[in-house]
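Colleague: Could you take a close look at one part of this model, the helical packing, and walk me through it in a connected way?

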Amino acid sequence: MKRTIQVQLFGMDILAVTLFPSNAQSQSAPTQQTTMSAETRAKSDSDLEKKAADWIAGLNLNDAARVRLKEAVAGHLKTIRDWHNEHPYTTVPAGINPVTGNRFFDLDSQVIANSAMPVTVHENLMSSCVIRIVILQQQHH
């Protein structure tokens with residue numbers, strides 16, 4: 001039961017990063033697309049790899065599975081970061097929130113832009129052999 005909860009929490013962490021990435025452009029930046037320098041990309045990659053390793057460290061996995069899972073999760077986080085940087089909130093046309101009647105705030109536009117991410121991004125991670133193996137290992141321990 002405890003391991004199932006860990007796997008579910010792990011999934012929620014990935015969902016939170018998907019919806020609100022820390023490495024995406026600032027909401028106050030009115031740029032249409034964020035391009036990263038090689039140095040910035042390398043630092044961001046390193047940060048995402050560390051984040052993935054931290055998440056996975058608490059799971060009861062052998063070293064080989066831990067490395068494979070870290071690579072899969074870090075790759076997923078990088079895909080999400082790149083997608084967000086290529087589709088900033090500023091690409092959402094100005095509009096009015098139909099519930100409140102107020103103009104869209106930057107956060108509204110961010111949620112709309114995030115919701116346009118292809119479902120295949122999540123499906124690719126969840127259907128990977130690595131994720132399936134790790135989840136099965138967790139359920140059988």
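**A serine and the helices around it**

Modeller: Serine 44 counts as buried because its relative accessible area is 5% (buried means under 20%, exposed over 50%, partly exposed in between, with a 1.4 Å probe and protein chains only). This is a predicted model, in which local features need pLDDT of at least 70 and side-chain atom pairs pLDDT 80 or more, while totals for chains, interfaces and linings use all residues. Residues are numbered from 1 along each chain, and side-chain values use heavy atoms, without hydrogens or water.

Serine 44 sits in helix α2 (helices are DSSP runs of H or I, at least four residues, numbered from the N terminus), and its side chain makes a polar contact of 2.9 Å with that of arginine 81 (an N or O pair within 3.5 Å, one able to donate a hydrogen and the other to accept it). Helix α2 (38-57) and α3 (63-86) each give two or more residues to the largest nonpolar core, a set of 10 that includes Leu48, Ala52, Ile56, Leu69, Val73 and Leu77 (buried nonpolar residues joined through side-chain atoms within 4.5 Å). The biggest share of this core comes from α3, with 5 residues.

Helix α3 also meets α5 (residues 119-126), their axes coming within 10 Å and crossing at roughly 175°, so the two helices are roughly antiparallel (over 145 degrees). Ala72, His76, Thr79 and Ile80 of α3 make this contact with Val121, His122 and Leu125 of α5 (heavy atoms within 4.5 Å).

In the loop between α3 and α4 (106-115) lies asparagine 102, which is partly exposed because its relative accessibility is 40%. Leaving aside residues up to four places away in sequence, asparagine 102 touches Gly95, Ile96 and Asn97.

Terms used: Axes fitted to C-alpha atoms, helices over the stretch in contact; angles between N-to-C directions. Parallel < 35°, antiparallel > 145°, perpendicular 65-115°, else oblique.
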